[in-house]
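Hi everyone, thanks for coming.

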Amino acid sequence: MSNAFMGGVFGVIGILLYIAAPFLSEEKRAYQSRLLAEALFALMFFYLSAFAGTVYFLLMLASALVQKQIEHNKWVSLCYGIAACVLTMLFNNRGTAGIVLALSLVLVFLPINEDRMLTTSSYIDLLIALAQLYYTIAVRAWVGVAFSILEMVMAIAGLVSAVHLVRGGGLAAAAKEQRDYLQKKETQKKQRKAASKAKKMH
């Protein structure tokens, strides 16, 4: 079996695990599924001798070890992104495409407050997906191209959703609307119970 075929097999399994992750009932299993998908993507690029892609996904995988620090400290997140970018460039053997992919790591770990910069965050997700698409086309990782297109579709959907949310007042307004709806529902439930008791008394 050729390296390209083996890489494709790992890539297909990785995509299936990535797609399945949101549908898993347990949060831990969903998280593990995504980590395994990233490991398989790294193997896919390794078999294709596209080492920038291999390092990219290995660093995404390694970020799980310092996830709490990355989430709660913007400087840790930014430094990790810059270090990951430099390291990916060092292993790059596919020219400009590898450099673009490496630079996208800075965007991946760029600390952004989604409450205040919701549309900016969505635009960044789209740029990251475009960088992945450019790289996968350059290295002829066709399974990777399919995954990048999937990422782009998700990013565009997220951007459209973000625009609607911002027009409606942002995440805070959406959360308030949800709370009001649940409170209204609970009030109606109590009213129905009270009416039912009143009928029984009569």
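So, α2 and α3 run roughly antiparallel to each other, because that label covers angles over 145 degrees, and this pair packs at about 165° with axes 7 Å apart. Axes here are lines fitted to C-alpha atoms, for helices over the stretch in contact, and angles run from 0 to 180 degrees between N-to-C directions. Helices themselves are DSSP runs of H or I with at least four residues, strands are E runs of at least two, and both are numbered from the N terminus.

Who makes the contact, meaning heavy atoms within 4.5 Å? From α2 you have Leu35, Glu38, Ala39, Phe41, Ala42, Phe45 and Phe46, and from α3 come Phe51, Gly53, Thr54, Phe57, Leu58, Met60 and Leu61. Sorted by class, that is eleven nonpolar, two polar and one charged. In this sorting, Ala, Val, Leu, Ile, Met, Phe, Trp, Tyr, Cys and Pro are nonpolar, Asp, Glu, Lys and Arg are charged, and the others, Gly among them, are polar.

A word on the source: this is a predicted model, where local features need pLDDT of at least 70 and side-chain atom pairs count only at pLDDT 80 or more, while totals for chains, interfaces and linings use all residues. Residues are numbered from 1 along each chain as its sequence is written, and side-chain values use heavy atoms, leaving out hydrogens and water.

Zooming out, the protein has nine helices and zero strands. Of its 202 residues, 34% are buried, which is under 20% relative accessible area; exposed is over 50% and partly exposed is in between, using a 1.4 Å probe and protein chains only.

Now the largest nonpolar core: buried Ala, Val, Leu, Ile, Met, Phe, Trp, Tyr and Cys residues joined through side-chain atoms within 4.5 Å. It has 32 residues, and Phe41, Met44, Phe45, Tyr56, Phe57, Leu105 and Tyr135 touch the most other members. Elements giving two or more residues include α1, α2, α3 and α8. Setting aside residues up to four places away in sequence, Met44 touches Gly7, Phe10, Gly11, Val143 and Gly144.

Let me finish with two single residues. Ala21 sits in the loop between α1 and α2 and is buried at 2% relative accessible area. Beyond neighbours within four places, Ala21 contacts Ala30, Ser33 and Arg34. Val163, in helix α8, is partly exposed at 27%, and its C-alpha atom is 6.3 Å from that of Thr119, 44 residues apart along the chain.

Key. Contact = heavy atoms within 4.5 Å. Parallel < 35°, antiparallel > 145°, perpendicular 65-115°, else oblique.
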